[in-house]
2 protein chains.
Amino acid sequence: MTVDLGPYADAVPDLVLERLSAARMVLSVGHENPDGDSLGASMAVAMVAERLGARADVMCGDPVPDAYAYLPGIERVRIAPDPDARYDLLVVSDCGSLDRIGPVRDAHGELFARLPHLVIDHHASNDHADPGSWIDPSAAATCEMVALLATRLGVPLSWADGGLATALLSGIVMDTATFAHPNATARTLMVAAALVEAGGPLSEISRRLYRTKPDAQLRLFGLVLGRSRTTPDGRVVYSTMTDADLAATGASAEHSEGIIDLLSQSETADVAVLLKETDDGVRLSIRTKPGGVDATALAGRFGGGGHARAAGATIEIPLEAALDTVLREAQSLAAANEP
Amino acid sequence: MTVDLGPYADAVPDLVLERLSAARMVLSVGHENPDGDSLGASMAVAMVAERLGARADVMCGDPVPDAYAYLPGIERVRIAPDPDARYDLLVVSDCGSLDRIGPVRDAHGELFARLPHLVIDHHASNDHADPGSWIDPSAAATCEMVALLATRLGVPLSWADGGLATALLSGIVMDTATFAHPNATARTLMVAAALVEAGGPLSEISRRLYRTKPDAQLRLFGLVLGRSRTTPDGRVVYSTMTDADLAATGASAEHSEGIIDLLSQSETADVAVLLKETDDGVRLSIRTKPGGVDATALAGRFGGGGHARAAGATIEIPLEAALDTVLREAQSLAAANEP
């Protein structure tokens, strides 16, 4: 073992160690519409608890997407608590608020109200309201935190035949887009190094989560990128997606996920916009470059919101008219932002 | 400083330390057609030599592509040796053989023959012929090796206002595709952690090298992806690129770089092939999945070669006929490879 996470692991709050060490039967849950970080973290918490001698169930209120079938032990994820289990600790991972657990929480209101909580989360928006919370917005992923927790508790990251490392690395790869996003810090990379050393298959995880697409999705990306254009001032790159595109490629609406990120790779444009026909109107997605236009300023003009670099809105007028308006506003904001 | 590269740096051969420490005027060169690793490593070697008190020139036989304009000090890269400099050491970085330096080596044959050499390289194909060679095929990038060299010599990775860290991190990001390729090891991630801690702007480098495309290239990707198809057996995903595509999008032939990697993201296909019209015939590019068809077997049927997962060939028959033949061979190989 060459990678030493000790100096980082020392920062894990004692309360977290105490609660997890004292538990006999843990209910480990992530958020609804699960992703790599919530699944990885909730499964890892269960594995750590088991290594400490407890029993543990992993629960998620929605079915696990097929993309995560590669996670060792994924079949153990339950869609509801076990009515016969005598849980004595609820661990909530990667939920910015308890509401993020989803409707399953209301459906088992008595249980969720009764159990002592331990909240582990990296969302800056988390309100810290729960006394059993460990919130670290400097972590790129909740899995980065759970890796430190495991280290502090003396659980080898190679535990469960490498299953622990695979789960934790999946969350980090997911939330950093394989270390490409600005949230990947020196600590994130150190934790990843320790997980790779413990047997985590980094390139395989990255391939599963970011470099695997249904063929219909590849064709949909092609259609939408192929008709992309840049405004005459060079400041805005844009494209549109219609129901006809879905029909022509055999793709579904969710397959459009990621197209806006490709558009935002434009060398010249400061702003990338994608307009999609949906049943509820035209869905506007916006990406802007570091130091460029505030994406929420553009989204705000259409009643939407988001973050400075990524925002969106829904516009209830026809696609062509919506595109005209959005491009005019985007060019005006980009021009005003010029140094 | 939390990240400690010491245990890895101990492996740097003493000969390398001695030669570099003794030099007074270094000529630091990378390979022709420079990329992020050869530029990053040759610039970093010069910075390390300067920190040790020597003078240094950086040279590359071809002009530096615009994509690397962000590298601090890139303007110092010379296209030929300084005729007035009294070099006493030649450091050759990221060259699998000395031929990779390019024609500039022959143009200054006397100088290159006379100077003592220090070769730093990570290519497994390097023949180790030179007694002054440090070859480490376990390194993902030559920059990973130079980071260990700097550490061993006591040069802070934050040297040159972070310029050293930016140069070294660029080579690692380049050669691992931002840690997505299987060559990224625990050591690679540890070195990257130390470089980020020293001020290397990871997400900015990744954006510059992998997420920045001319708008014409985005449209070209779109056209080619949009017409991608899968063979009826589901085993081969394919597309074609013609001169008409370049004319329609305003893209140049080099802009097709990367399309095959997007095609190879196909969830179902084991083999991805792209056929491009060129002046010399039809250029075939092949990618295959881990554990799948050997790409060199397919390329070999057309007189080409490469690696098990990435190979290519040139076929001197018309595009449509070439496509038919390639798909037939690819499906036959994929069927034979089924478990």
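How many of the 14 residues of α7(A) are buried? The count is 13, so α7(A) is largely enclosed by the rest of the structure. This is a predicted model.

**Helix α7 of chain A**
- α7 of chain A runs over residues 163-176.
- From first C-alpha to last, the helix reaches 20 Å, close to the 20 Å expected at 1.5 Å a residue.
- A177(A) follows α7(A), and its phi is positive, near 50°.

**Nonpolar cores**
- The largest nonpolar core has 146 residues.
- M190(A) and M190(B) have the most contacts inside that core.
- A second, separate core has 74 residues. Among them are L223(A), L223(B), L298(B) and A311(B).

**Contact between chains A and B**
- Chain B puts 42 residues into the contact, and chain A puts in 42 residues.
- On the side of chain B that touches chain A, the elements giving two or more residues are α8 (186-197), α9 (202-210), α10 (215-226) and α12 (259-263) of chain B.
- α10(B) gives the most to that side, with nine residues.
- The residues on that side of chain B divide into 22 nonpolar, 14 polar and six charged.

Note on methods:
Residues numbered from 1 in each chain as written. Chains lettered and ligands numbered in written order. Predicted model: local features only at pLDDT ≥ 70, side-chain atom pairs only at ≥ 80, totals over all residues. Helix = DSSP H or I, 4+ residues; strand = E, 2+ residues; numbered from the N terminus. Expected span 1.5 Å × (residues − 1). Buried ≥ 20, exposed ≤ 12 C-beta atoms within 10 Å, placed from the backbone. Core = buried A, V, L, I, M, F, W, Y, C linked by C-beta atoms within 7 Å. Contact = placed C-beta atoms within 7 Å. Nonpolar A, V, L, I, M, F, W, Y, C, P; charged D, E, K, R; others polar.
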